[in-house]
Amino acid sequence: MEELKLDSKIMFCQMDELDDKDRILVETAMAATDNSYSPYSKFKVGAAIRLDDGTIIKGANQENAAFSITICAERSAIYAAQAQHPEKAIVSIAIAARNEEGFTKEPVSPCGMCRQAMVEIEQRYSQPIHILLYGRKGVYVMDSISNLMPLSFVDLN
């Protein structure tokens, strides 16, 4: 039996350490939490995507009493970008969340379905997505979804 070791590279920084483009994207994701419809969980998630031409698309989680049709902020933004600009690659995504007490202390991480959607976007455009996860303590920064999902299911498999 052989043991494999999987490494994930995740940087941790403060907002003032981000470059202007990343800081603006995180601030846009934070503002997108205002667009959340989350009467059941009271957990408001916002996402902001930057396309390869600099266009920014926002998304927010949208809940429903039939939970299976609820959509996360990340997929809301990804699908809006793909519907409006399918020829443009997604190069960055920022995610922020807040509850009734304010923005989360720790950075919030995308769910498995959102990670899978990001894996397929990376595959579709043959380039990684820069990921920024905001929390009051700081921001996790990753160069690719593979840092959150190293053994992913893609068409190449």
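Modeller: Buried here means under 20% relative accessible area, exposed means over 50%, and partly exposed is in between (1.4 Å probe, protein chains only). This is a predicted model, in which local features need pLDDT of at least 70, side-chain atom pairs count only at pLDDT 80 or more, and totals for chains, interfaces and linings use all residues. Residues are numbered from 1 along each chain as its sequence is written, and side-chain values use heavy atoms, leaving out hydrogens and water.

Colleague: Good to know. Which residue does K88 meet in a salt bridge?

Modeller: D53, with 2.7 Å from N to O. D53 sits in the loop between strand 2 (44-51) and strand 3 (56-60), while K88 sits in the loop between helix 2 (73-84) and strand 4 (90-99), so the pair ties together parts that are 35 residues apart in sequence. The helices (H or I, at least four residues) and strands (E, at least two) are DSSP runs, numbered from the N terminus. For a salt bridge, a side-chain nitrogen of Lys or Arg must be within 4 Å of a carboxyl oxygen of Asp or Glu.

Colleague: And D53, is that buried, partly exposed or exposed?

Modeller: D53 is partly exposed, at 42% relative accessibility.

Colleague: How many salt bridges come out by this rule?

Modeller: The count is seven. One of them joins E106 and K137, 2.8 Å from N to O. There, E106 is in the loop between strand 5 (102-103) and helix 3 (112-125) and K137 in the loop between strand 6 (130-135) and strand 7, so the pair links parts 31 residues apart in sequence. E106 is partly exposed at 37% relative accessible area, and K137 is partly exposed at 40%.

Colleague: What about R23, which residue is its salt-bridge partner at 3.4 Å?

Modeller: That's E27, with 3.4 Å between the closest N and O atoms. R23 is partly exposed at 25% relative accessible area, and E27 is partly exposed at 36%. D20 joins in too: D20, R23 and E27 are linked in a network of salt bridges.

Colleague: How many residues does helix 1 have, and what's its reach from the first C-alpha to the last?

Modeller: Helix 1 has 13 residues and reaches 18 Å, close to the 18 Å expected at 1.5 Å a residue. That expected span is 1.5 Å times one less than the number of residues.

Colleague: Switching topic: how many residues of strand 6 are buried?

Modeller: Six of its six, leaving strand 6 mostly covered. H130, L132 and Y134 point one way from strand 6, and I131, L133 and G135 point the other way.

Colleague: In which sense does strand 6 pair with strand 4, parallel or antiparallel?

Modeller: Parallel, over four bridges, with I95 opposite L133 in strand 6. Strand 6 and strand 7, on the other hand, pair in the antiparallel sense over five bridges, and L132 stands opposite V141 in strand 7. To count as a pair, two strands need at least two DSSP bridges between them.

Colleague: How many residues lie between strand 6 and strand 7 in the hairpin?

Modeller: Two.

Colleague: Another one: is H85 buried or exposed?

Modeller: Buried, at 17% relative accessibility. H85 is in the loop between helix 2 and strand 4. Not counting residues up to four places away in sequence, H85 touches L51, T55 and I57.

Colleague: Last one, then. Where is F153 found?

Modeller: In the segment after strand 7 (138-142). F153 is exposed, with a relative accessible area of 61%. Leaving aside neighbours within four places in sequence, F153 is in contact with Q116 and V119. The C-alpha atoms of F153 and G138, 15 residues apart along the chain, are separated by 30 Å.

Colleague: Great, thanks!

How values were computed
Contact = heavy atoms within 4.5 Å.
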